[in-house]
Amino acid sequence: RFIAKPCAISLGIQDSGAHRAQPNAVLEKVFTSITKSPDAKRLEGLSKQLDWDVQKIQRWFRHRRNQDKPTTLRKFCESMWRFTFYLSIFFYGLRFLWTAPWFWDTRQCWYNYPFQPLTSRLYYYYILELAFYWSLMFSQFTDIKRKDFLIMFVHHLATIGLITFSYMNNMVRVGTLVLCLHDASDFLLEAAKLANYAKYQRVCDAFFMLFGVVFIVTRLGIYPFWILNTTLFESWELIGPYPSWWLFNGLLVTLQVLHIIWSYLIIRTASKALVRGKVSKDDRSDVESSSEEEDVTSNSTKGVLSTSSNGSNRLNGHVAGGQWTGE
């Protein structure tokens, strides 16, 4: 409200919504009580009842649906908040881990386990991450409603479960590595969204391509050969299969499967962008076209970026289902 909104306005993003539909009691009742997208049969009936042509009624429903969708300004503010957190927490974690012995030698994660001290810096790092994901889960009910609402809700629950599980079992050393690794790409995706909303297309394309490179390097390279290597093999060698070993590694391996799926979607998005010459817009909540001709154009160039981050985990808002997804 006090930082993101003035920034958006200075970039020329206006706080104006979509074209409002003409007031009509009959169509409003159908929209609120029956369906927001009437089929051909219902359109014909409404056409006869109101003495309107079908295209005019279709246009009314299109405008009415757009009224409930968020403005670009609101989406910009939400992405700027997430960008600020992801960037801050990534550099906080990187600075903290730079002096941690287990950052350079992952075997240090398991020496003297589970009797390892919990320092104040490590504690705050964990609590900040956990608090943020709790806030994301609750704010989903008040923030912009996305098509992937249920997926991201489950995703946030799983993230909270993993962070809490590792904290309770004092696996915080390896947990900090996982958190920092996932934060490395999240702020780049939010930066691409910000540039997209501000209509800086080349900047958007550059940030998205950088996000794709960092995501694939960290999730398909560093994560399996650095994180999974220490949790699967080094931990087995140094402390043996402790009671929660199977569950912990099962969750981390499942996360790797998600990384592979998301990486495929990112690569597909990048290749389409190269063919088109640009990365398309976020189509989870954008305004619909106002005419049939615009619909055809929109459908042929509709964006395939998705969002989530926030990871996750943890692609909070990340690539899923070929759309902008959190994160």
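Figure 1. Ser166 is buried, at a relative accessible area of 4%; buried stands for under 20%, exposed for over 50% and partly exposed for values in between, with a 1.4 Å probe and protein chains only. In this predicted model, local features need pLDDT of at least 70, side-chain atom pairs count only at pLDDT 80 or more, and totals for chains, interfaces and linings use all residues. Residues are numbered from 1 along each chain as its sequence is written, and side-chain values use heavy atoms, with hydrogens and water left out. Helix α8, residues 149-168, contains Ser166; helices (H or I, at least four residues) and strands (E, at least two) are DSSP runs numbered from the N terminus. With neighbours within four places in sequence set aside, Ser166 contacts Tyr126, Met171, Val172 and Phe248, where contact means heavy atoms within 4.5 Å.

**Figure 2. Crossing of helices α5 and α9.** The axes of α5 (residues 72-98) and α9 (residues 172-197) come within 8 Å and cross at roughly 150°. That angle makes α5 roughly antiparallel to α9. The contact of α5 with α9 comprises 17 nonpolar, four polar and six charged residues. The crossing of the two helices, α5 and α9, is left-handed, a term for the near helix being turned anticlockwise from the far one by less than a right angle, clockwise being right-handed. Axes are lines fitted to C-alpha atoms, for helices over the stretch in contact, and angles run from 0 to 180 degrees between N-to-C directions. Angles under 35 degrees count as roughly parallel, over 145 as roughly antiparallel, 65 to 115 as roughly perpendicular and the rest as oblique. Ala, Val, Leu, Ile, Met, Phe, Trp, Tyr, Cys and Pro count as nonpolar, Asp, Glu, Lys and Arg as charged, and the others, Gly among them, as polar.

**Figure 3. Arg74 in helix α5.** Helix α5 includes Arg74, which is partly exposed with a relative accessible area of 40%. Between the C-alpha atoms of Arg74 and Lys5 the separation is 8.1 Å; along the chain these residues, Arg74 and Lys5, are 69 residues apart.

**Figure 4. Two spans from the UniProt record.** An unreviewed UniProt entry places "transmembrane region" at residues 83-103, 123-142, 207-226 and 246-267; such annotations may be inferred rather than shown by experiment, with feature names shortened and positions given in the numbering used here. Residues 207-226 are 100% helix and 0% strand, with end C-alpha atoms 26 Å apart. Residues 246-267 are 100% helix and 0% strand, and their end C-alpha atoms lie 32 Å apart.
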